[in-house]
Amino acid sequence: MEKKNQLNICLIGNPNVGKSTLFNSLTGARQHVGNWPGKTVEKKEGSFVHKGKTIKIVDLPGSYSLYPYTEEESVVSDFLSNDRSDTIVQIVDAQNLVRNLYLTTQLIDLKKPLILALNMNQSAEKQGISVNVVLLSEVLGIPVIPIDSRNKKSLIGLLDEIIADRKKTPSLKNIGFLPSERYRYIKDLVNKAIFRNKKPTVTGLEEKIDRIVTNKYLGIPIFLVIMLVVFQVSFSLSAPLENMLERILNLLAVDVDSFLRRLGASKLFISLITEGIVSGVGGVLTFVPVIGFLYFFISVFEDSGYMARVAYVMDFLMMKLGLHGKAFISLILGFGCNVPGIIATKTLENERDRLLAILINPFVSCAARLPIYVLFTGIFFADNQGWVIFSLYVMGIIVAILSGLLFQRLFVKKEASPFFIELPPYRLPSLTGIVLHVWTRVWLFIKRAGTLILAFSVIIWVLASFPAGVEYGSEKSYFGLIGQTLTPFFRPLGFGNWKSTTALMFGLVAKEVVVSAFGTLYKAGSSLEAALRHDFTPLAAYSFMVFALLYIPCIAVLAAIKKETNSWKWPLFTVVYTTFVAWIVSFFIYQGGKLLGFS
Amino acid sequence: MSPIIDFKKGDIVNIVSIDCGRNFNLRLSELGIYEGAEIKILKNDRWGPLIIRIFDSKIAIGKGEAFKIYGEKKPAEHMFDR
């Protein structure tokens, strides 16, 4: 009877009550992150052993109620309505008992074994809150166990209760059905069960921080400065790691190459492995450090409570875009890399907002596009390099905004969802929680590199190495041929030469590959400048950079869009729409520039 | 009775009616903003969202929504009813 030794529990609670912290404390690294079937909501599962029993635990998304309002909450209510968990564990925040117990009354309605884990965090204690656990437990008819979600030792009582197997189905009488009736009941109960040594006040420090970071005039500049620091730190810390990864990959390619040669593998096969897979997948993997650092800072913001303040501060700007403050975070992240930007839209409430935020994200100029700008501005605009690059970033933002407005007219007609966000008390984030979070994110990215991105890389390799016998990526390869066929299409934009077209196609792997592709195609490291000067005028170079900024994002981004929208429709739409927009904008810049007498 | 956007920081407001559409009305009431509830205005600069206190949590609520939630100010001597 193996079954007896395994218990299934699910963890539920309001947002910001320490649910993830509890989950991490219980499972440690033994957790698995995936998606709920058919949904874009994340599913976290884990397991641990307590007194010889294996306990499998599902971490449900934070919810205020079982009547779903967000996609995450509909996952929760779907799950609970056909779930066979042995026990539901609700974690409640002792600081905010009234609102937390509202969900408890709904869970009691489910008539399933329920345990209340009363999270007495440090700030609750500082506020002088003490809870009469016995009274609470008696009135609600369910076990109430005080815990400290960060402290593993404090969880033993909870674990004992979980395996105690006292199947009792709770019920409450005469509590009414309407939220107002239930709140009346809960307030009565809490007045009896809670004792406060001090008056309920917001801690002075929180008040002070809030006064500054949510200030009408200071809020946005402060956020921008913080983001600037985040990017600086992320990029400077990840640069050496990235170089190291690249060096390892190069060595690997050489080793694999000679290994395969020794085995007598065919030249073609060796090229597939080294040029196709190792450099394709590897190229994407070199983003891992920067993505990891960006996630690190973002989770610090989220866990500390600052992110909610950013959403508050940016709301009035984003409203003009038909989005609300929470969407801003995803756009800002896009400057680092569009992949975390797109994944960050998970926090948005409804599908309309998410879709809108996802579709405009690729126009935000990510860091991988910078090498292209640096190459071209260095050659053609050496005197105004900074300003020219800046203008490209601004252009990306403008196109994102205009596209957002257009999409609203075209297909996401419904009005933006009403905005509300809880501003949780500031907390010191726990390092373990953040490291776990970063690790799961990065691991998901790596896994994707091993599947979708691998497939794309192979396709690109095939195009660059066939028909049989041609030199990799050369004029006679399919890639070169396609490049040549497409060249007339780019002539009105000022760069009608097959090499730049082919380089752009290589850019699909990752945008900075455009730079290395130029190197390969011109076969001239030192005379690349001369070669580019031969093929581009300054105006054409600017037009090319604009095109590189706006056209199809890299395959990692397309894969992220596929994953987050759960359909192929939107990555395909992105491919078509971005190419169209890039062409139109470059066209007007090149032709307009010519009319104005630039060359 | 006036929309809560008209109240100032520190005002304690008794909610009289809410007109945010069925779904959001329900969500608000589940957060504790129902007819008869008391909220405290923590920040209102008439520019971005409003920050209010409900029970023991701070919630920022969109300006658009703040126009559709009506209430009456409680006289100052009333302590915030928890």
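Predicted model: local features only at pLDDT ≥ 70, side-chain atom pairs only at ≥ 80, totals over all residues.
## Confidence

For the complex, the predictor gives an ipTM of 0.91 and a pTM of 0.81. Chain B has a mean pLDDT of 88, and 91% of the residues of chain B reach 70 or more.

## Contact of chain A with chain B

Chain A gives 26 residues to the contact, and chain B gives 29 residues. On the side of chain A that touches chain B, the elements with two or more residues are helix H3 (97–109), helix H7 (179–193), helix H12 (306–319) and strand S10 (420–423) of chain A. By residue class, this side of chain A holds 16 nonpolar, six polar and four charged residues.

Strand S10 of chain A also pairs with a strand of chain B. The partner of S10(A) is strand S5 (residues 57–61) of chain B; the two run in the antiparallel sense and are joined over four bridges. Within this pairing, A:Ile421 has B:Ala60 in S5(B) as its bridge partner.

## Helices H16 and H17 of chain A

Helix H16 (residues 370–380) and helix H17 (residues 385–410) of chain A have axes that come within 10 Å and cross at roughly 140°. Because of that angle, H16(A) is oblique to H17(A); angles over 145 degrees would count as roughly antiparallel. The crossing of H16(A) and H17(A) is right-handed.

From H16(A), the contact takes A:Tyr373, A:Thr377 and A:Gly378. From H17(A), A:Gln385, A:Val388, A:Ile389 and A:Leu392 take part. The contact of H16(A) with H17(A) is made up of four nonpolar and three polar residues, with no charged residue.

## Helices H25 and H26 of chain A

The axes of helix H25 (residues 555–565) and helix H26 (residues 569–595) of chain A come within 7 Å, with a crossing angle of roughly 140°. H25(A) is therefore oblique to H26(A). The crossing in which H25(A) passes H26(A) is right-handed.

The residues of H25(A) that meet H26(A) are A:Leu558, A:Ile561, A:Lys562 and A:Thr565. Their counterparts in H26(A) are A:Trp570, A:Pro571 and A:Thr574. The contact of H25(A) with H26(A) comprises four nonpolar residues, two polar residues and one charged residue.

Notes
Residues numbered from 1 in each chain as written. Chains lettered and ligands numbered in written order. pLDDT = per-residue confidence, 0-100. Contact = placed C-beta atoms within 7 Å. Nonpolar A, V, L, I, M, F, W, Y, C, P; charged D, E, K, R; others polar. Pairing = 2+ DSSP bridges. Axes fitted to C-alpha atoms, helices over the stretch in contact; angles between N-to-C directions. Parallel < 35°, antiparallel > 145°, perpendicular 65-115°, else oblique. Left-handed = near helix turned anticlockwise from the far one by under 90°.
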